[in-house]
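Open the structure in your viewer and colour it by chain. Then follow the stops below in order.

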Amino acid sequence: MEKKSFETLMKELEDMVGKLENGDIELEKALSIYKKGISIIENLNKKLVDAKKQITEVEKNE
Amino acid sequence: MRNTITVSQLNAYIKRMFGKDENLSDVLIRGEISNFKKHHSGHMYFTLKDSKAVLNCIMFASNGFRLNFRPENGMQVSAAGYVSIYEKSGQYQLYVSNMMAEGEGALYARFELLKKELEQEGLFDEVHKKKLPFLPSSIGVVTSSTGSVIRDIINVIDRRFPGFNLLMYPSNVQGKGAEIEIAAGIDYFNKVKPVEIIIIARGGGSIEDLWPFNEEILARAIYASDIPVVSAVGHETDFTIADFVADLRAPTPSAAAELVVPELKSVINKLNVIGDRMKNAMDNMILIRREKLELIISRPVMKRPGEIFDMAALSLDRTAEKIGKAVKAVIEKKDVWFRECSSKLEILSPLGTLTRGYSILSDNLGHVITSISQVEMGGKIQVVIKDGTIRGTVEGKEDENGKKII
C-alpha cells in the first residue's frame, strides 16, 4: 500500500463505498470490503500525521 | 605634382591605414539594423544606421553562430568588431565579431522569437505536462535565500499543512547566469535529493529582471525534468517562457504554495466523511438482512414448528391404521381358506372316513385289499374300524353283480 499514491487510494475508497452503498453484494464480501476500506483510511490518516517539519536549506556542495 | 597611382594601390593604402589605427581595430557601434540579408553561406550583410548616417556591416557565419538572438531590421543593437576596407569595392565596412540586442523592444522581440521557436519544437505541449501529486511527500523550492518570496511560500504552506517537508535550493533569480543556477537547482532536485514537486520562484520586476526565466537553457532544463515543475514568477500578468514550459504556472509564489499543498483539515475531513459513509453503508446492509430474517421468523409456521410434526404423525397414524386393517383382512381370508381346507382334509382323511363307519380291509400282512381277487377261501383278513381291528376269515366272495364265485 506504500507504493500507491494518495489519489489512487482515495479513488479506491470511493469505489469501495459505492459498492457498499449499492448494497447488491453478499454480506461476507461486503464485510471484507469494509475491513479493507477502514484499513486504508487508517493508513492515510497515519501518513498525514507522520509528516515531519523540515524546512532545509540545501548544501550546494553535496 | 602628385604621383599617379592605381585604384588598387589607393585602396590597399587605405586598408593599411585602417589597419594601423588602433581605434578602428576594436570598436563597439550602436545603431539600428536595416537591409539585413543572410546568405545561404550563413554570412550576414546589413547596414547599421542612426538618424544621420549609415554604415555597411558584414558578419561571417563563423561569428554569427555566437549570436543569442536573431537579427532583424529595426532592431537596436551594439555591434563589436573592426573597421576595414574591402579593396575590391573600395567600401569600408564593419566586420562584426559579435552583436547584442539592446533595449526593451529588442528584449520583447527576442522573447517572442524564442517563444515561437520552442512552441514549434513542442516544449509547451499540454500532453508533455505532468500531473502534480495530490499529497507530495516533499517539495523543492529554487529561489533566492533572501527576500520575501521564500518567506511567503513557507508561511502559506505552514498555514495549510503544518509540518510539511520543504527543501530550498538557494539561487540567484536575476542577472547574468541566474538561469544556469536555477537550471542547476532543478537538476539537483531531480538527481541528488529527489522531491515530488519543484517550484521555481521569484518576485515581480522588469523584463530585464525576469530575463533569466526567458532563457532557453532554463526552458530546456524545465522540459527535461522528470519531476513536475511549477513556475511562480513575478506579477500576475507577467508571462515568461518558463511559465509556458512548466507543468503548472502559478501567478505568484504564494499562489504556487496554495496549489501544491492540500489543506490538511480538508483532507482529514474527506477521510472522515468516507469512513462514515462506509460505516453507514455497512450498518444498512446488516439492518436489511436482519429485517428479512425477522420476517421469516415471524411466519406462523416458525411460531408453531411442532405443528408440522403433529400433522405428519397424524398422517402416519392413519396410514398405519389402514395397513393394519388390510393385514387383518388378509389374515382372515387366509383363516377362512385354512378352515375350509381343514374340513376338506378331514372329510378326505381316512381317519375321518373311519369315524363315519367305513372300514379298511387288509390281509394279515397289512396289505390293503381293494379287489376280490386278492382273497381266497379261508384266507385271513383284518378289518380296521373306528375303534380297533377285527380279525376274520374269508367265507366266500361275489363280484359286484352278485354272482357267487366261491
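This tour of a predicted model goes from the interface to one backbone detail.

**Stop 1: the interface.** Select chain A and chain B together. On one side, 33 residues of chain A make contact, and they meet 34 residues of chain B. Between them the two chains bury about 3200 Å². Carbon and sulfur atoms account for 69% of that area.

**Stop 2: a salt bridge.** Show side chains for Glu21(A) and Arg277(B). These two form a salt bridge, 3.1 Å from N to O. The count of salt bridges between chain A and chain B is 2. Polar contacts across this interface come to 3 residue pairs, with both residues at pLDDT 80 or more.

**Stop 3: the chain A side.** Which elements of chain A give two or more residues to the side that touches chain B? Select helix H1 (6–22), helix H2 (27–50) and strand S1 (54–57) of chain A. H2(A) supplies the largest share, 10 residues. Now colour this side of chain A by residue class. You will find 18 nonpolar residues, 5 polar and 10 charged.

Stop 4: Move to chain B and pick Asn35(B). Its phi is positive, about 50 degrees, although Asn35(B) is not a glycine. Is Asn35(B) buried or exposed? Its relative accessibility is 52%, and the cut-off for exposed is over 50%, so Asn35(B) counts as exposed.

Notes: Residues numbered from 1 in each chain as written. Chains lettered and ligands numbered in written order. Predicted model: local features only at pLDDT ≥ 70, side-chain atom pairs only at ≥ 80, totals over all residues. Heavy atoms only, no water. Contact = heavy atoms within 4.5 Å. Buried area = accessible area lost by both parts, 1.4 Å probe. Salt bridge = Lys/Arg side-chain N within 4 Å of Asp/Glu carboxyl O. Polar contact = N/O pair within 3.5 Å; in protein donor to acceptor, adjacent residues only side chain to side chain. Helix = DSSP H or I, 4+ residues; strand = E, 2+ residues; numbered from the N terminus. Nonpolar A, V, L, I, M, F, W, Y, C, P; charged D, E, K, R; others polar. Buried < 20%, exposed > 50% of the residue type's maximum accessible area, 1.4 Å probe, protein only.
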